[in-house]
Amino acid sequence: VELFQPSITLDKTGDPLSKIGDDTSYVITLVNTSAPDTPDMTCTITDAAVGVNQAVTLASGETSTINATAAIPAGAADPYVNTASASCTVAGFPNVLSAGASHSVNLFQPAISFDKTVDNDYSKVGDTLGYTLVLGNTSSSDTPPMECIISDTKLGINKLVTLAAGTSDTTNASYTIQVGDDGVSFSNSASVLCSPLGFPNSLTASDSVTVTLIHPSFTVAKSCTTEPVPQDGPATYDVIIANTGDVELIIVADDGIGTFNLAAGTSQTFPVSLSGPFAGQVSVSNTVSASWTLPAQIGLPNTDSASASDTCIVAGEGKIIKLM
């Protein structure tokens, strides 16, 4: 009796790295390694995870190769292990040979963080704001490096960066508020698009910052309240300082007025007196000067100043014509 030696080998290979939802490629190879005098083998190759259920007939020394692609299922464990199997019978004989082969795919978890901040919550036309954009690669450590594009049209940013897992990139930019930006607030957004190198996946993120725009302004007026002024004096005036803007101002004025806070849309009147005598004078003129700064919580260094004058006629020393 001639004795033959039936045998098979089964091998399964595939992509070493993938992620949930991605298509992953596998190669399943069945080889009839029987002795040359072994009758042909009829085999069924199955792999439920990749959808393979295929019958093949192999003579001694022949090989069957199956290429398959399947997506990593949701909830798959990391690493993701799946197994192919083969069951073969020898023509004319009851013998059944079986073999199995497993493949392990390392699953990575890509993730990013993106944050945009500004150096002040307030600004105004002509002022410059400083922005900071921070992109972080928060992926699992086995994730391929991320290739990212950071964009911010208003700030003129279009930046390509490559980040390894656990690293970050910081972008600093400035922007001066223009007349066309004026309004109650100024908002702008930055965005990022990232892909792991060698993979088609895209991760996106965006962040926006809103700055309150202010419009500080004030007026200073002065008017004579005693006319004609007695030659012995005094000459009295009213100083009216009005906040015509939309933000509280800190006012500093001379003429003995001093420093005070003035809410938006309000005004204050201050009496000012000049002692005499004014004998020999036709008129008495006086000027008040004032300036404003912004409260500390606004955080802006802006300031402005203005002055106002008025003239009082002195009694009994002639006439002057005041143009109103």
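Q: Does Cys88 count as buried or exposed?
A: This is a predicted model, in which local features need pLDDT of at least 70 and side-chain atom pairs count only at pLDDT 80 or more, while totals for chains, interfaces and linings use all residues. Residues are numbered from 1 along each chain as its sequence is written, and side-chain values use heavy atoms, with hydrogens and water left out. A residue is called buried under 20% relative accessible area, exposed over 50% and partly exposed in between, with a 1.4 Å probe and protein chains only. The relative accessibility of Cys88 is 0%, and Cys88 therefore counts as buried.

Q: Which residue is joined to Cys88 by a disulfide?
A: A disulfide is a pair of cysteine sulfur atoms within 2.5 Å, and the S to S distance for the link that includes Cys88 is 2.1 Å. The torsion about this S-S bond is 115°, which goes with a right-handed link. The pair connects distant parts of the chain, 45 residues apart, with Cys88 in strand E7 (residues 80-90) and its partner in strand E4, where strands (E, at least two residues) and helices (H or I, at least four) are DSSP runs numbered from the N terminus.

Q: Which strand holds Cys312?
A: Cys312 forms a disulfide with Cys224, the sulfur atoms being 1.9 Å apart, and with 125° about the S-S bond the link is right-handed. The pair ties together parts that are 88 residues apart in sequence, because Cys224 lies in strand E17 while Cys312 lies in strand E23.

Q: What pattern do the disulfides of the protein chain follow?
A: The structure holds three disulfides. With bonded cysteines counted along the chain, their pattern is 1-2, 3-4, 5-6.

Q: Which residues make up the covered face of strand E15?
A: In a regular strand the side chains alternate between the two faces of the sheet. In E15 (residues 185-196), Ser185, Ser187, Ser189, Ser191, Leu193 and Ser195 form the uncovered face. The covered face consists of Phe186, Asn188, Ala190, Val192, Cys194 and Pro196.

Q: How close are the closest N and O atoms in the salt bridge of Asp47 and Lys12?
A: Side chains of opposite charge can pair when their charged atoms come close. A salt bridge is a side-chain nitrogen of Lys or Arg within 4 Å of a carboxyl oxygen of Asp or Glu, and the structure holds six of them. Asp47 and Lys12 are both buried, and their closest N and O atoms lie apart by 2.4 Å.

Q: What is the relative accessibility of Lys154?
A: Lys154 forms a salt bridge with Asp181, the closest N and O atoms being 3.3 Å apart. Asp181 lies in the loop between strand E14 and E15 and Lys154 in the loop between E12 and strand E13, so the pair ties together parts that are 27 residues apart in sequence. Asp181 is buried, with a relative accessible area of 11%, whereas Lys154 counts as partly exposed at 39%.

Q: Which residues touch the most other members of the largest nonpolar core?
A: A nonpolar core is a set of buried Ala, Val, Leu, Ile, Met, Phe, Trp, Tyr and Cys residues joined through side-chain atoms within 4.5 Å. The largest one has 29 residues, and those that touch the most other members are Phe218, Ile241, Ile251 and Leu294.
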